[in-house]
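The following exercises ask you to read strand pairing, packing and chain relations from a set of coordinates. Work through each task before turning to its solution.

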Protein chains: 4
Amino acid sequence: MTVRVGVMGATGYTALELIKLLLRHDQVEIVALTSRQEGSPPISQVHPQLTGRLELPLENLDLNQLASRCDCVFSCLPHAASAVSVAQLLAKGTRVVDFSADYRLTDVSVYESWYATKHPDPDRIGDVPYGLPEWFGEAIPDAELVANPGCYPTSAILALAPLLQAGVIASEDVIVDSKSGVSGAGRTPKLATLFPECNESFTAYSVGKHRHTPEIQQVLSTLAGHEVDLVFTPHLVPMDRGILTTAYARRRGMKSASAMQDILRDAYNNAPFVRILDDPPATKNSAHTNYCDLAVRVVGERVIVISCIDNLIKGASGAAVQNMNLMFGFPETLALV
Amino acid sequence: MTVRVGVMGATGYTALELIKLLLRHDQVEIVALTSRQEGSPPISQVHPQLTGRLELPLENLDLNQLASRCDCVFSCLPHAASAVSVAQLLAKGTRVVDFSADYRLTDVSVYESWYATKHPDPDRIGDVPYGLPEWFGEAIPDAELVANPGCYPTSAILALAPLLQAGVIASEDVIVDSKSGVSGAGRTPKLATLFPECNESFTAYSVGKHRHTPEIQQVLSTLAGHEVDLVFTPHLVPMDRGILTTAYARRRGMKSASAMQDILRDAYNNAPFVRILDDPPATKNSAHTNYCDLAVRVVGERVIVISCIDNLIKGASGAAVQNMNLMFGFPETLALV
Amino acid sequence: MTVRVGVMGATGYTALELIKLLLRHDQVEIVALTSRQEGSPPISQVHPQLTGRLELPLENLDLNQLASRCDCVFSCLPHAASAVSVAQLLAKGTRVVDFSADYRLTDVSVYESWYATKHPDPDRIGDVPYGLPEWFGEAIPDAELVANPGCYPTSAILALAPLLQAGVIASEDVIVDSKSGVSGAGRTPKLATLFPECNESFTAYSVGKHRHTPEIQQVLSTLAGHEVDLVFTPHLVPMDRGILTTAYARRRGMKSASAMQDILRDAYNNAPFVRILDDPPATKNSAHTNYCDLAVRVVGERVIVISCIDNLIKGASGAAVQNMNLMFGFPETLALV
Amino acid sequence: MTVRVGVMGATGYTALELIKLLLRHDQVEIVALTSRQEGSPPISQVHPQLTGRLELPLENLDLNQLASRCDCVFSCLPHAASAVSVAQLLAKGTRVVDFSADYRLTDVSVYESWYATKHPDPDRIGDVPYGLPEWFGEAIPDAELVANPGCYPTSAILALAPLLQAGVIASEDVIVDSKSGVSGAGRTPKLATLFPECNESFTAYSVGKHRHTPEIQQVLSTLAGHEVDLVFTPHLVPMDRGILTTAYARRRGMKSASAMQDILRDAYNNAPFVRILDDPPATKNSAHTNYCDLAVRVVGERVIVISCIDNLIKGASGAAVQNMNLMFGFPETLALV
C-alpha cells in the first residue's frame, strides 16, 4: 500500500526538507502541494533544489480536493490558519500531521494568551498526541491528528525529561539557553534575517517571551508529573541549520555525571534517533539527520545537559515523517537513516 | 575650518560605513541625516552600531533645509531619485558626492537604456568628474559634484587601466569575473539576500547584463584611449564585505608577469590606497579599509589581474571620503588610515 | 548479492561522505575502514556524525587482509601512495575506485611533471577508464579500476564537453574560473584553512598552476577530438561545500544561447544527474546531492557556461558510488537520489 | 612625547588588532615586534593586512634589546612564558601590558591548579592591577604592569558587577553562558578550528572547566565584597569575532528590569565604552569597536543580563590600548573611537 500524501503551505524551508525526505520514502507518494501563489508554478520554481526530482505544481486547492487526493496531509501553515484547515481535513477522513503550534498546548487559554488569537478549533485541543515519539509514541499509531513539536521544545524536552522523571534534578529554576540557525526564522524576507544582518553576528531575541516557553513547560510538567518552572532564552546563530540547547538544572541528590548519563541511556535505549555522547555535541554532527545528540555534565550543584538537533529535521520535518511512519504502521526509521 | 556634512538616504549599509568614517574625520561635522522614515528616529535606532557615537535624528528634510545646513552632501539615494536632489543642492551652492550611477556615464542614451529610466538632469552628464582619484584626481579638487564610482567598476578599473594604457594587453575580449559580498545587494529585505538563501551558497547573477558593465567599459575606454570591449560576470559570495575581481586580458607583446607588475607599481606609485602584492590577494586583507590590493599573473597568452577591495569602503564610502578630502583641500588619506 | 566494500584512508571529508552514501545503499556492506592511526579507534571517534550508524574500527590493515575482506575498495589515499596500494589490490582481484589523481592522466610524463613525483604504477596508466559516467559510461561496467575524477574537472568538463563536441565553441582560449568551498582543501589542519583565515574572505590560489589543469585539458581534448587550450583559476569560497565554475569560451558560428542550451539538453538527455537550468545555478541547490546544474549564456562573442556541483558528492564520493553502481550492475542512481 | 611601544609575540590575532589600533594612535610609535620566527620577515608577510601600513620586521629580540627600545611593551606571549619575560622587562624599567593570564589571578595556588604549571613570578602576583578600567581604573595610571583581562571575563564582569554591588542579585548559583567567535581560539592550526569543522556548526566546550572560570569568580567576588559562585559554559560560534554572554542570576528583592537598567546606567555613567541598550544586543554592533553593549531582563525570579563585546578589541587589544592610555596619561578613548 502506498500512502498518498500532500503538503499544505509548501513554499517554506520545513516543507522543502519534508518533500526531500518523502522522496526517499518508498511507501509514500507525494500527490499534492498547496500554496496561495498565483498560477500553478512547478514546485521546482519555488524550490530549485527539487528540479528533476518532483514534477508537481503548487496548487491553490480547496480542502475537498486536497482531502480527496490524500490519505495524509502535512500542514506547514501558520498557526490559527492551520487549525482551520486541519479541522476540515479531519472531518473528511484525512489524517494530518500539523507542524503549527495549534494542537500542542492543552489549555486553550494558554494558547490564546501566548499566540494572541482565538483558537479556531478549541474542542479538539488536549486530545491530540504530542508528536515526540520518544515520549508519546504509544498514542501516535492510532491518531488521526498529531501535533508535531516545536524545534526548541524538542531539543529541551529530550534533554531534560529523563532526569526530571528520575527525580535527580529539581523542577524549579531550570534554565534553557538555546541557540538556533537562521532557517528557524522562516523564509519570509525581513530585515532581521537578511544575510548582512545575521552573518558575523550572534544575538538573543524574545528573551523570556518566546512562544515555545509554555510548550516546553507543559510537556516537561506532564512527563515529570508535577509543575516544571523554567526560563527560556533563544539566540540566533549565523548558520543555516541546527539547534544547540544548554539546559541548566539544579541537582537533587548526589548523582554523578556518569550516573546521569546512565539515566539518559536507559531512557533512550529503544529510541533510534537519540544518541548519548561523552563529549559535548556540535550541531554539525546532527545536521541533515533526524538524530538528537545529548551529553551531560555536573558542575557544582548544576546539572548541564546539552542537546543538538537539526531544527528542520528532528525539529520539524524528520519528526513529522517519524510520526507518519508510526501512524501508518511503517518502521519508525523509514526514509530517515 | 570644519566642513558641515549631510547624508541623504542614511538608512543603508553604505551610509552606515560613511558615517563611521566621518566620525573619525576631525575636519568635518555631521549635521544632517535624511530619510523618508516616519517621525524623526535617532540614527542609532536604524543603525545600532552608532549608539553613543552620533546623536542625530533621521530627518525628512527638504532640500532647502539640507542645503542651508551643509557645505557638502553625500547622496546615498537610488539612481534617478539622486539626480533630482543633486541638481537642486548644486543650484543652492552645496557641493555633492553622489553615490548613485546618475553622473557616472557620459552618454545619456547609454544611461537611459541600461537604467530603463529618463535621466532627470541630462545636461550635466559628461561634465562631472568620475571619483576615482587614482585616475581622475586632478579634476576633483575644483568639482562641485563628483560621481562616486560603482564598487565593481572600482575593482575592475584599478586592475586593468595601467596595463591597457601601457598597451601590454588587448582591449578586446577582456573578461571581468567578479565576486562580491552580500552587503553589496543593499539593505532592503528580499528573498535572494535572506541569510538561509545566501549562506553556504555561491551564485552568479545578472550574467552579461549587470548595470556596471557600461561603466567599466566607458572608463576603461577613456583611460585606454580607444574602445575597450569586455564581458562582465558578477557573483555573490556568502560573506558581508569584499569584492575580488579576476580579470583576464590577452597579452600584447611578450612582457613577463614581473614586467606587468612593474607597470602596476609605476602607475600607482603615488596612490596611497593601492597595494601591489606578489601573492594573490584575499578580500579579508582589505576588508574594513580603503585599500585596493592587486596581483598579476601571466598564464599562456592570458594576463590575469586579481584585485580586492572592501565594496563598502574603497567601493563606496571610503572613496567618497577620499573625494571629499580632495574637494576640500584635506590630505587625501585623512580618516582613511 | 551484497558487495563487500572497504575504504582506504577513511579519516577525511570525502571518506565521510562516501560512508554516509554507502550506508544508504542496500546492496553493499561496509566491511573495512583503514588508516594509519594508532590503535583501532571506532570510526565514530574520528567522524562523530557516524555515531550509532556504523560500528567499525579504523584499522591499520595490510593489503592482503583488505583484499580478502572486500569485493571493492575505495581509495581515499593521497596521490602516489594510492597507486602503490591500488596495484596490489588489483593483483589480488579486488576492484577499486581510486579517488586520487594517479590514474586520471594518460601520459606518465605529464603526471610526473605536475605531481613532482615518480608514478608508482606507470604501466597501467592510460588503460583506466575516467570515472565520469556521463561521458565514459561504457567503459566502466567492465573495469577492474576506475579513476574517479577531480572535483574541479567534473565541474568544467560537464559544462564544456557538449559544446566542444558540437563545434559551437572554440577550443583555444577557454577560461575556467572556478570557486570552491573549503572542504575541498582537505581535513589536515593548516593556517590557510583555519576558520578565521577563510571566513569572511574570498581568494584565488594556485593561479595557472593547479594540478587539475592538465586533467581538464586532457579530458576535454579527448572528448573534443582535438587539443583544447585553457586557463584555469581556482578560488576559495567561505562555505563548506560546492563548486561553481564559470567557463568562458569563444563562440564559433552564430548559435544562440537557446540553441546552446538545446545542445546541453541533448547531451545529457540520459544522464540522471545533470540538470539544465534557465537561471544561473547556485551551489546550494546541488549541495548534498549528486547533481550537476548547468546554465548557459551568450554575451558578445563569448559563451558562458556556469556549472554547480557538490565538491564532495558529484565531485568525489557520489561519483564514486555512481561508478561502483555501474561496475557491479546496480542501477546508476542507487543510494544517490 | 611619543611613547615607544613593542609587541611580544606579534604573530597572532590579538597582536594584529593591537597593531592596527596603535597605528591609529598619534602619541605612540611601534618600534619593535618580536617572535621566534626564523629570519626577520617583515610583519606584512605574517599579517598581509599590514602591507604598506607598517614597515617593521618580526625580530627574535632578547629582552635587553627590547627593553632598551621600548617605553611600553605589550606581551601577547602564552601564559607562563609571558611572566618570565615580563619580570625581566619590568626589572629594566619598561612598563608592560600583559595579555596572558599570568597576573590576573591573585592566588598562586589557584593559578597553578588551573593552569597546571608553576608560576614563574609568584611574588608579584596579587599586586598587579586588573586592567578593566571601568572597575579598577584608579590603580592603572601608576602601574608598571597591568594584567589585561580575559575576553570572557570582560563580558561577564561588566554584565554582573553593578548588580552584585547593588545587592539586587544573589551571589550564588550565577550562570554564565557565553558564546564566542572562533578568533578567540587563536591562530595555531588545529582540527577543531579548521573552517569545515566550525562553519555551519555550534558547540559547547570545556564545560565547567574553562580557565576563565576562576578569573570571573575572583574579580566578581572582589567587586561584590563577598564570594560569588558561578557556572561558566563557553560555546563556539561560526563567526570571526564577538562574544555574547547571557548571564542568569537570581533576583534579590523586587527590583524591576527597568530599575536594574538604571543601576547599570549609573554604574557606567562615566565609562566611555559601555552602552546600556533597551533591546538585546547583537555582537555585530560592537564588532571592530571597543564598546561593551549591555541589556537586562527580569524573567520570573531570574535576572538576565546580556553583554556583547568584540573579543579581540574590548576583550583584548582595545582594552590594552585603553590601559596604556591611562598608564601614560592620554585620554582614555584615544585611538579607540
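**Exercise 1.** In which sense do strand β10 (residues 243-250) of chain D and β13(D) pair, and over how many bridges?

*Solution.* The model is a predicted one, in which local features need pLDDT of at least 70, side-chain atom pairs count only at pLDDT 80 or more, and totals for chains, interfaces and linings use all residues. Residues are numbered from 1 along each chain as its sequence is written, while chains are lettered from A and ligands numbered from 1 in the order in which they are written.

Step two is to read the pairing, which for β10(D) and β13(D) is antiparallel over eight bridges, with Ala247(D) standing opposite Val305(D).

**Exercise 2.** Describe the other pairing of β13(D) with β12(D), and the burial of β13(D).

*Solution.* Strand β12 (residues 292-299) of chain D runs antiparallel to β13(D) and is joined to it by seven bridges, and Val299(D) has Arg302(D) as its bridge partner. The hairpin of these two strands has two residues between them, and there Gly300(D) takes a positive phi near 60°.

For burial, count C-beta atoms placed from the backbone: a residue is buried if 20 or more others lie within 10 Å of its own, exposed if 12 or fewer, and partly exposed in between. By this count eight of the eight residues of β13(D), residues 302-309, are buried. Both faces are covered, with Arg302(D), Ile304(D), Ile306(D) and Cys308(D) on one side, and Val303(D), Val305(D), Ser307(D) and Ile309(D) on the other.

**Exercise 3.** What is the strand order of the open six-stranded sheet of chain D, and which strands form its edges?

*Solution.* The order is β3-β2-β1-β4-β5-β6, with parallel pairing. The edge strands are β3 (58-59) and β6 (145-147) of chain D, each of which pairs on one side only. Within the sheet, four bridges join β1 (residues 3-8) of chain D to β4 (residues 72-75) of chain D, and Met8(D) stands opposite Ser75(D).

**Exercise 4.** Which rotation superposes chain D on chain C?

*Solution.* Using least squares on the C-alpha atoms of residues with pLDDT of at least 70 in both copies, a rotation of 180° with 0.0 Å of shift along its axis superposes chain D on chain C, with an RMSD of 0.0 Å. That is the relation of a two-fold axis.

Definitions and conventions: Two strands pair if DSSP finds at least two bridges between them.
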